[in-house]
Amino acid sequence: MPEKAQLLRVDLSPGPQPTVQKARLSDVSEMFRLINHYAERQQMLPKTHLQLYENLRDYSIAVGTSASSPVVGCGALHIYWENLAEIRALAVAPEMTHRGVGTALVERLLDEARDLEIEQVFLFTYEPRFFARFGFIQVEHRTMPLKVYNECFHCPKFNKCDELAMVLHL
């Protein structure tokens, strides 16, 4: 088993920072838009409105600094078992990339995992350098428990997955 990675605190970009909060029903349409923007480019799995509503409690959103700011990012912490969770559907509005939105979301999701006493968080990604900043390490797909592949069966790339598997031991 890999050593526990040292959790790194990542500095956010200068300037006003997004507010990260739990998603609400009124956020689903914007979350749908953000996630499916990347899904259309085959950079993440698509989500339906139904999937978002059914799993809303997993999601956190990032909003701008004003009270009327739109959703500029979202991500979910999905629990699989007593000691295992996945960060999934991390999406940031294209015009807000490289401004600390993704970092703020991941920090919040990892804080949530620690509060729940989750021992291991995993994810599948095309952006390993981003997640390595938090202490995630790349692992072979076959080392992951079979239960983590539940959504993979619906993916068009199922038998030719090109995403990298990464884990963080908290």
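The following legends describe close-up views of a predicted model.

Residues are numbered from 1 along each chain as its sequence is written, and side-chain values use heavy atoms, with hydrogens and water left out. Because the model is predicted, local features need pLDDT of at least 70 and side-chain atom pairs count only at pLDDT 80 or more, whereas totals for chains, interfaces and linings use all residues.

**View 1. Overall fold of the protein chain.** The secondary structure comprises four helices and seven strands; helices (H or I, at least four residues) and strands (E, at least two) are DSSP runs, numbered from the N terminus. Along the sequence, these elements follow the pattern β-α-α-β-β-β-α-β-α-β-β. Of the 170 residues, 47% count as buried, where buried means under 20% relative accessible area, exposed over 50%, and partly exposed in between (1.4 Å probe, protein chains only). The chain exposes about 9,800 Å², of which carbon and sulfur atoms supply 53%; accessible areas come from the Shrake-Rupley method with a 1.4 Å probe, and for residues only the protein chains shown count as cover. Among contacts (heavy atoms within 4.5 Å) between residues at least 6 apart in sequence, 71% join residues at least 24 apart.

**View 2. The largest nonpolar core.** A nonpolar core is a set of buried Ala, Val, Leu, Ile, Met, Phe, Trp, Tyr and Cys residues joined through side-chain atoms within 4.5 Å. In the largest such core, of 26 residues, Met31, Ile35, Tyr59, Ile61, Ala91 and Val101 touch the most other members. At least two residues each are supplied by helix H1 (28–39), strand E2 (59–63), strand E3 (71–81), strand E4 (84–92) and helix H3 (101–115). H1 gives the most, with five residues. Apart from this core lies another, of 16 residues, including Leu110, Phe136, Met166 and Leu168.

**View 3. Surroundings of Ile61.** Leaving aside residues up to four places away in sequence, Ile61 touches Thr19, Val20, Gln21, Lys22, Ala23, Asp27, Met31, Val71, Gly73, Cys74 and Leu105.

**View 4. Val167 in strand E7.** Val167 belongs to strand E7 (residues 164–169) and is buried, with a relative accessible area of 3%. Its C-alpha atom is separated by 5.1 Å from that of Phe136, 31 residues apart along the chain. Not counting residues up to four places away in sequence, Val167 touches Gln120, Val121, Phe122, Gly135, Phe136, Ile137, Val139 and Met144.

**View 5. Aromatic pairs.** A pair of aromatic rings is described by the distance of the centres and the angle of the planes. Rings of Phe, Tyr and Trp (its six-membered ring) pair if their centres lie within 6.5 Å; planes under 30 degrees apart count as stacked, over 60 as edge-to-face and the rest as tilted. The whole structure contains five aromatic pairs. Phe122 and Phe124 form an edge-to-face pair, 5.8 Å centre to centre with 75 degrees between the planes, and both residues are buried. Phe130 and Phe134 are likewise paired edge-to-face, at 5.3 Å centre to centre and 70 degrees between the planes. Phe134 is buried, with a relative accessible area of 0%. Ring pairs link Phe130, Phe131, Phe134 and Phe136 into a cluster.

**View 6. Positive phi at Gln42 and Ala89.** Gln42, although not a glycine, has a positive phi of about 60 degrees; this residue is in the loop between H1 and helix H2 (49–54). Ala89, also not a glycine, has a positive phi of about 55 degrees. Ala89 is placed in strand E4 and is buried, with a relative accessible area of 11%.
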